[in-house]
Amino acid sequence: NIFDSLLQKTTKNVSMSQLDNCDYSDVIKDNTYMYKKTYQNDIFDSSEITLGGEYHPERCKPLFSTAIIVPYRQREKQLQAFLIYMHNYLRKQNINYRIFVIEQFDAKPFNRAKLFNIGSVYATRYDYPCFILHDVDLMPMRLGHLYACSKQPRHMCSALDKFRFHLPYRGLFGGAVAIERYDYVRVNGMSNMYQGWGGEDDDFYERLQASKIDICRFEPGYSEYTMLKHAQETPNEDRLIFLRNGHLRFHTDGLNSLVFQEKEFKLHNLFTHVLVET
Ligand code: UD2
Ligand code: MN
């Protein structure tokens, strides 16, 4: 039933490949526990990952193309761990993907949601039809959580170790979510106004609700995530006020009002790096 909720096909229309379609039935049945604390010491084999952190299965034709978008600033160790773990994890899923790291260059409070909007612009340039909006400190523990878009936007990390594997509230839509580009654009992306910690994920959920787009989740057994340890960031004092009147801004604050400056764009071996002033 996981498979039923996935889109039939969200791949980029690449070449007229002679290969057979990749088979995902094994992947989604495979609930192997992937997470181990030792990944940092493993010898990393980067074969088949191309410049910019893209992967394309070579033995079969992928049915899913996913842009993994990661908002980032000053979490070097976490980024290192994330890239290594995720490339090892994702290459086992037979999907086509690329990792975009959107780094905030300025010293203003961190603006997670705006960085996702910026990431969506770059992912669109690379023609990705499916976005996974992903915190840098989260790692999926079970192989079977396919990194593809479902028909409905999906909250992926619903069984997080930090929350003792329980969902704190039904409308939680933070951490790691999968959403089709079409739906992301339809709700005008996320708000650009949330600076500092908190609220931006709830605002995004409200946008989906207002457009009558329901979210979904896979079973908890497939949604176990671990969060790397870090200090609590400084909360945005205005977040509750913003949230309360957020609905007034859905159509004016988001992708259609996005302004930013690209400071640097670089293809690294394991990721596409976009450095921006917000
Ligand atoms: C929760 C949410 C997260 C977000 C946040 C509020 C879950 C599991 N997580 O995470 O999605 O809604 O609350 O904003 O529901 N970051 C940096 N550098 C910084 C600050 C943040 O790179 O200085 C990035 C990084 O990708 C990080 C993410 O922003 O993982 C979220 O920040 P957090 O991890 O401090 O927030 P947390 O764990 O409370
Ligand atoms: Mn975190």
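Asp135 and Arg112 are both buried, where buried stands for under 20% relative accessible area, exposed for over 50% and partly exposed for the range in between (1.4 Å probe, protein chains only). Their side chains meet in a salt bridge with an N to O distance of 2.9 Å; a salt bridge is taken as a side-chain nitrogen of Lys or Arg within 4 Å of a carboxyl oxygen of Asp or Glu. Asp135 sits in the loop between strand S5 (130-134) and strand S6 (138-140), whereas Arg112 belongs to helix H4 (residues 112-125), so the pair ties together parts that are 23 residues apart in sequence. Helices (H or I, at least four residues) and strands (E, at least two) are DSSP runs, numbered from the N terminus.

The model is a predicted one, in which local features need pLDDT of at least 70 and side-chain atom pairs count only at pLDDT 80 or more, while totals for chains, interfaces and linings use all residues. Residues are numbered from 1 along each chain as its sequence is written, chains are lettered from A and ligands numbered from 1 in the order in which they are written, and side-chain values use heavy atoms, with hydrogens and water left out.

Side chains of opposite charge can pair when their charged atoms come close. The structure holds 13 salt bridges in total. One of them joins the side chains of Arg98 and Glu54 at 3.4 Å, N to O. Since Arg98 lies in strand S4 (residues 96-104) and Glu54 in strand S2 (residues 54-55), this contact ties together parts that are 44 residues apart in sequence. Arg98 and Glu54 are both buried. Another salt bridge links the side chains of Arg142 and Glu224 at 3.1 Å, N to O. Arg142 is found in the loop between S6 and strand S7 (154-155) and Glu224 in strand S10 (residues 224-227), so here the parts tied together are 82 residues apart in sequence. Glu224 counts as buried because its relative accessibility is 19%. Elsewhere, Asp203, Arg207, Arg249 and Asp253 are joined into one network by salt bridges that share partners.

Strand S4 is mostly covered, with nine of its nine residues buried. Both faces of S4 are covered: Asn96, Arg98, Phe100, Ile102 and Gln104 are buried on one side, and Tyr97, Ile99, Val101 and Glu103 on the other. S2 pairs with S4 in the antiparallel sense over two bridges, two strands being paired if DSSP finds at least two bridges between them. Within this pairing, Glu54 stands opposite Arg98 in S4. Strand S3 (residues 65-72) pairs with S4 in the parallel sense over eight bridges, and Ala67 stands opposite Arg98. From S3 the chain crosses through helix H3 (residues 76-90) to S4 in a right-handed β-α-β crossover; right-handed applies if, with the strands pointing away from the viewer, the path from the first strand over the helix to the second runs clockwise. S4 also runs parallel to strand S12 (residues 272-277), joined by five bridges, and His273 in S12 is the bridge partner of Val101.

The strand that holds Glu224 has its own setting. An open sheet of three strands has the order S6-S10-S8, with mixed pairing. Its edge strands are S6 and strand S8 (159-160), each pairing on one side only. S6 and S10 run antiparallel and are joined by three bridges, with Met139 opposite Thr226 in S10.

On a 1 Å grid over the protein atoms alone, a cavity is a set of points where a 1.4 Å probe fits but cannot get out, and a pocket is an open set with protein on both sides within 12 Å along at least five of seven lines; lining residues have an atom within 4 Å of a point. Grid points are joined across faces, edges and corners, and a volume is the space filled by probe spheres set on the points. Of its 45 lining residues, Arg112, Asp135, Trp197, His230 and Glu233 lie nearest its centre. The largest cavity holds about 30 Å³, and its lining includes Arg112, Phe116 and Leu133.
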